[in-house]
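This briefing looks at a group of annotated positions and at their surroundings. Please keep the sequence and the coordinates at hand while reading.

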Amino acid sequence: MTTEVLVKSVSDPTCLRINGERLWGSLMQLAKIGATAKGGCCRLALTDLDRLGRDLVIKWATEAGLTVTIDKIGNVFMRREGRNPSLPPIMSGSHIDTQPTGGKYDGNYGVLAALEVIRTLNDLDIVTEAPLEVVFWTNEEGSRFVPVMMGSGVFAGVFPLEDIYAVCDSEGKSVGSELEKIGYIGTETPGDHPVGAYFEAHIEQGPILEDEEKVIGVVQGVLGIRWYDCKVTGQESHAGPTPMSLRKDALQTATQIMQQVITIAGQTPEGRGTVGSVQVYPNSRNVVPGEVTFSIDIRNTSDALVTDMDSALREYIATLSEQSGLQIELTEVSHYPAASFDSDCQAAISKAAVTLNYPQREIVSGAGHDAVYMSYLVPTGMIFIPCKDGISHNEAEYAAPEHVTAGANVLLQVILQYAGIAG
């Protein structure tokens, strides 16, 4: 690169662009670790494949001149020094663990986009005022160990470290023992790591951006979530001799609740209601069902709206139980509060998209991300790019190279807004 171009780039940071081919190549190379026959990726947290993925990303980071710190839950921080090392770093990243039948982009894109920002600044010999850090968090997916977003949750003080160490997978192997096995128990206490602001680039995992032909989603926040198990108890009886008026049909009552979940969700613009799992007993063709157990998932943009949905659901169930004479049990099994991202971070992302001439829209994330827990600690923003057909957590997950590049270009501009270029 000529001196003339370098000076122009530094004096006008909006001219800077990442190397899209290099970023795409890194995504494809990381995806080879745990590659599946259908073109996806299976790299579960704290497995040997996870170790190989971690090793590769750290190798790339050290080649880029970054120093590496690992905390006691296995979160990995890769630092590029700024002109003023006393300033808290501007951090960006995501996770590199996947679902059992996951794709190449979920999480991985956020980590490698952040690394590509560093590589680009190295190429141009640009020093930022504040330090920069790339991070990948342990066990975001929760596929092998529950809870989800584990590493960032420990970092934010949501989950006690010792409790998380004791969590076991389906084979009885604990987080603590598996972290030790792959060699990723670090020495730093989670949370004892300064951060100035946090940004996460991610595929949308939904169909909205693609449907509206938008390139960038400026994420306003993440929906609050409540999960329930619902059990309806009636009485099984013969399908032929039992008149309709005398039946205690657990399935028919359960389906009324299922439909009400959808109705309640539709009462607000961003409400979500899902019944994804159903068990019918005795599950016989000619027996009136005597018991039905099913899951309920409700989501909305604020905790208050989720609480309103919860109240409406409970009121409906109480009335239905009285009318039908059937016993209905509703048990809340999990609750994730809604998160709102920093308005200045959102404005910075929007400004970058406008500067780069990328069509954008405000958007709400229906899924959880590590950015949720980081938003408890520091100003936080998320950048979404489209994914084909809105498909994610699936081996068919795909993001177009031009969108992968666009999101990383926005991330570069945002990081420079927050970290500054040293004079």
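This is a predicted model: local features need pLDDT of at least 70, side-chain atom pairs count only at pLDDT 80 or more; totals for chains, interfaces and linings use all residues.

**H393 and its annotated set**

- H393 is placed in the loop between strand 16 (380-385) and helix 13, and the UniProt annotation "binding site", from an unreviewed entry, covers this residue together with D106 and E141.
- These three residues are spread over 288 residues of sequence, yet they cluster in space, with a largest C-alpha distance of 9.6 Å; D106, E141 and H393 also belong to the lining of the largest pocket.
- Residues up to four places away in sequence aside, H393 touches Q99, T101, D106, E141 and Q205, and its side chain makes a polar contact of 3.2 Å with the side chain of D106.

**E141**

- E141 lies in the loop between strand 4 (132-137) and helix 5 (150-155), and it counts as buried because its relative accessibility is 8%, where the cut-off is under 20%.
- When residues up to four places away in sequence are not counted, E141 touches H95, D97, T98, Q99, D106, V148 and H393; the side chains of E141 and Q99 are joined by a polar contact of 2.8 Å.

- H95 is found in strand 3 (residues 90-95) and counts as buried, since its relative accessibility is 0%.
- Among the residues that H95 touches beyond four places in sequence are D106, F136, W137, E141, H202 and D370.

**D106, named in both annotations**

- With a relative accessible area of 6%, D106 is buried, and its contacts, neighbours within four places in sequence aside, are H95, E141, H202, I203, Q205, S392, H393 and E397.
- The side chain of D106 makes polar contacts with the side chains of H95 (3.3 Å), Q205 (3.2 Å) and H393 (3.2 Å).

- Helix 4 (residues 108-123) has 16 residues and reaches 22 Å from its first C-alpha to its last, which is close to the 22 Å expected at 1.5 Å a residue.
- Because 14 of its 16 residues are buried, helix 4 is largely enclosed by the rest of the structure; just after this helix, D125 takes a positive phi of about 55°.
- The largest nonpolar core has 100 residues, of which Y109, V175, I216 and V410 touch the most other members, and its largest share, 10 residues, comes from helix 13 (residues 401-419).
- Neighbours within four places in sequence aside, Y109 is in contact with residues including L23, L27, H202, I203, I385, H403, V404 and A408.
- A second, separate core of 22 residues includes V232, A265, I298 and L313.

Definitions and conventions. Residues are numbered from 1 along each chain as its sequence is written. Side-chain values use heavy atoms; hydrogens and water are left out. Helices (H or I, at least four residues) and strands (E, at least two) are DSSP runs, numbered from the N terminus. The expected span of a helix is 1.5 Å times one less than its number of residues. Buried means under 20% relative accessible area, exposed over 50%, partly exposed in between (1.4 Å probe, protein chains only). A nonpolar core is a set of buried Ala, Val, Leu, Ile, Met, Phe, Trp, Tyr and Cys residues joined through side-chain atoms within 4.5 Å. Contact means heavy atoms within 4.5 Å. UniProt positions are given in the numbering used here, feature names are shortened, and annotations may be inferred rather than shown by experiment. On a 1 Å grid over the protein atoms alone, a cavity is a set of points where a 1.4 Å probe fits but cannot get out, and a pocket is an open set with protein on both sides within 12 Å along at least five of seven lines; lining residues have an atom within 4 Å of a point. A polar contact is a pair of N or O atoms within 3.5 Å; within protein, one must be able to donate a hydrogen and the other to accept it, and residues adjacent in sequence count only if both atoms are side-chain atoms.
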